[in-house]
Every structure is written in structure tokens, then in C-alpha cells.
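Dear colleague,

Please find the structure below, together with an account of what was found in it.

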Amino acid sequence: MKKRTILLVDDERWVRTALKWTIKQLNLPLLIANECENGLEALDWIKQNEVDLVITDIRMPIMDGLSLVKEVNHLKKTPDVIVISVHDDFQFVQKALRNGVTDYMLKPVEELDLKACLEKWLDQLYQAETKMNAPIIVDENLPSSTIERVLHYLEKTPLDQITLKDAAESVHMNPSYLSQLFKQQLNKKFVDYITELRIEESKRLLQNTSLRMSEIAERVGYSDLAYFSNNFKRIMGFSPSEFRKSVIIP
């Protein structure tokens, strides 16, 4: 039977170690693919790797479990998520369930509860795959057109690593020609499109993490904090700090 992969997300190392040890003792077709200390680290890893299930704590620094669930829902390939919480967090669990979380467990996680939860998830996965057992004719996952392939490349590449030259190389095209093609097909310049991506990502980070302003600027591709702030204000109408104060962090 095919092994399913799991990502463990908890800021306490001993909790991750205990979960990993317990899961190995269950003799289920499961493999721990990776461990992360917070939601932001997990999100970065999920964007670059495929995983079947995320088991995450709700309360964590930098980015909590609820914010992680919300961000994962924006991805094209969304893994299932099981959240772990204490009794006092049940209102957050309810919110997570409304956002499509597969299941939840209460701390401290007991072996029998973990086994029942994972067996239930595996059974649901099997039932879903059984319903979709018709042969798949199309086996091509890459986008068909040049621009779609570029957009696919941009989606998978960290914002601080994106350049027109590298994007053009990803589709074996001259940068100048790609710039013209981008403007022709999307009705906007390549640099403007990237700026929009950077501002949208910075908004998510401002709302869902406790990263410092300079850290956010670097993550979205701005080495100069003042330039980032000016760009943000030009597009949004107010500064990054003003935006952060205006949103309610869950």
C-alpha cells in the first residue's frame, strides 16, 4: 500500500518528537516527511514540496495554525489538515473546521485518539480515490502556453528570487521578447505584475504573521525597507504599518 506523507507543525520540539514516535508505532502506511516550528516555515515548505496531510498546532509564534490553514487554502494543491488544540481553543477549532480542516485532536494527544483520527483520514482518502478510479487520459501537468508556463514558474518561485531574466530562461525565451509578450497577453508590464504579487504577499504576511517590517520586505523581494514602504503606500494608499494596525490578527 502506498505510504502517505505527513508534515508536523508545532513550536514545541518535544510535541513533534512525541507525535513522530507515536505515529511510527501505529504501523499505518504513513511517513513523516518533515517538521516545522511555525506556520510560516510550514507554508514555505508546502509551496516547494508535496505532502498528503498537515498536522498542526493552533497556537504558534510568527504564524499560527489558523493562518496557516487560510494560506494553504490559496494553494493549487492543498493537503488535508488536522489541527491540535487545548480545550480553551475550541472556538478556534470551530473556525478551522469551517475553513475546511479535516479533523482535530485535543492536547495532550493520546495514542488511541491519534490512531482513530489517522485511520479515519486514511479511510476517507481511500473512499475518495475509489470514486475517482477512472483512467486518466491527460497526463500533462505543465501549462500549455508560454505565459501560463511563466505564471506557473512565478507561482513556484520565492518572490525574493524572481527576475525577468530567470523567468525568460525558464521558458527558453529572450527576456525582451517575454516582456513584450507579457504586456500583450496580460495587458500589464512584467515588473508591475511582480510588484502586485509582492504587495499581495506582504499584505498576507502583515496580517497573518508577527514578522518585523524589514523581514517582510526581504521575503517579498525588497532589500530596501524604505523602497518597500513607498511602493506599498503608492499602491495601497497607506503604509505597511498602518495596514497592519487596521487588520485583526486571528
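Tyr-222 has a relative accessible area of 4% and is therefore buried (under 20% relative accessible area, with exposed being over 50% and partly exposed in between, for a 1.4 Å probe and protein chains only). This is a predicted model, in which local features need pLDDT of at least 70 and side-chain atom pairs count only at pLDDT 80 or more, while totals for chains, interfaces and linings use all residues. Residues are numbered from 1 along each chain as its sequence is written, and side-chain values use heavy atoms, with hydrogens and water left out.

The structure holds 7 aromatic pairs (rings of Phe, Tyr and Trp, the last by its six-membered ring, with centres within 6.5 Å; planes under 30 degrees apart are stacked, over 60 edge-to-face and the rest tilted). The ring centres of Tyr-222 and Tyr-227 lie 5.6 Å apart with planes at 65 degrees, so this pair is edge-to-face. Tyr-222 also pairs with Phe-228: the centres are 5.5 Å apart and the planes at 45 degrees, so the arrangement is tilted. Phe-228 is buried, at 0% relative accessibility. Ring pairs join Tyr-222, Tyr-227, Phe-228, Phe-232, Phe-238 and Phe-243 into a cluster.

Turning to the helices (DSSP runs of H or I, at least four residues, numbered from the N terminus, as are strands, which are E runs of at least two), α2 (residues 39-48) and α3 (residues 65-72) have axes that come within 9 Å and cross at roughly 20 degrees (lines fitted to C-alpha atoms over the stretch in contact, with angles from 0 to 180 degrees between N-to-C directions). That makes α2 roughly parallel to α3 (under 35 degrees; over 145 is roughly antiparallel, 65 to 115 roughly perpendicular and the rest oblique). Gly-39, Ala-42, Leu-43 and Ile-46 of α2 make the contact with Leu-68, Glu-71 and Val-72 of α3 (heavy atoms within 4.5 Å).

Helix α3 also packs with α9 (residues 190-208), at an angle of about 160 degrees and with the axes 10 Å apart. This makes α3 roughly antiparallel to α9. Here Ser-67, Lys-70 and Glu-71 of α3 meet Arg-204, Gln-207 and Asn-208 of α9.

Finally, Thr-5 belongs to strand β1 (residues 4-9) and is buried, at 18% relative accessibility. Beyond its neighbours within four places in sequence, Thr-5 contacts Leu-31, Ala-33, Glu-50, Val-51, Asp-52 and Leu-53.

Yours sincerely
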